[in-house]
Amino acid sequence: GRMCVLGLGTGTSLTPIYEEMVRRYEAGQLSFHNVIVFNAYEYYPLKPDDKNSCIRQLHARLLDRVDIAPQNIFSPDSTINQNYVLNYCRQYEQRINSCGGIDVMLLGIGRMGNIATNEPGSTVTSTSRDLVPPCCITMGIATILKARKIYLTAWGESKADIIQKTVEEHVSDSIPASFLQTHNDTHFVMDLAAASKLTRIVHP
């Protein structure tokens, strides 16, 4: 009877998750009629019809394939004038809060330990903002950590080093994903290759 609020990334590691969501929807096992989606980040600036936008990727991989209401989909506006970006980011934060906050955050992880487009140097107090360079409007670390539950996905040997640092080393803004250690309901979902450098695998 409640709305479920999702924060979604567009990293390639999330593709199998979205495919499974679509499969379950098509099988009648899952509905998105009571789901609200907030896109975690968007490139800036972009033209309205830019095929590289993150929200277009989300539509193609998930949103256009399930029964979510269009009015329940929110994404940073990559076409607004730069003079209004900071105020717009505050409004995006307010909209998330007005929907009750994010219930579940789905993220990938970059090779530098970035989550959303929070690159090394992003602080734990950061909220939604524009990032230059590369230019993006992104949910900040603080925004992500407010989610009630967080899932981070990683596949393959190329992610093994950063997964080990994120999970086992000290929390540091040089590895933004390490801030997830401070969250009380974060789950890392990965294959054995991505987990191969964790202590529990190297020294079981």
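Strands β5 (residues 104–108) and β8 (residues 149–154) run parallel and are joined by five bridges. Strands here are DSSP runs of E of at least two residues, helices are runs of H or I of at least four, and both are numbered from the N terminus. In this pairing, Leu106 has Tyr151 of β8 as its bridge partner. The model is predicted: local features need pLDDT of at least 70, side-chain atom pairs count only at pLDDT 80 or more, and totals for chains, interfaces and linings use all residues. Residues are numbered from 1 along each chain as its sequence is written, and side-chain values use heavy atoms, with hydrogens and water left out.

The open sheet has six strands, paired in parallel in the order β4-β2-β1-β5-β8-β9. Pairing requires at least two DSSP bridges between two strands.

The buried residues of α3 are Val85, Tyr88, Cys89, Tyr92, Glu93 and Ile96 (buried, under 20% relative accessible area; exposed, over 50%; 1.4 Å probe, protein chains only). Down the helix axis, the buried residues of α3 fall within an arc of 145 degrees, so they line one face. The arc is taken over directions from the helix axis to the C-beta atoms. Exposed Arg90, Gln94 and Ser98 sit on the face turned away from the buried side of α3. Just after α3, Gly100 adopts a positive phi of about 95 degrees.
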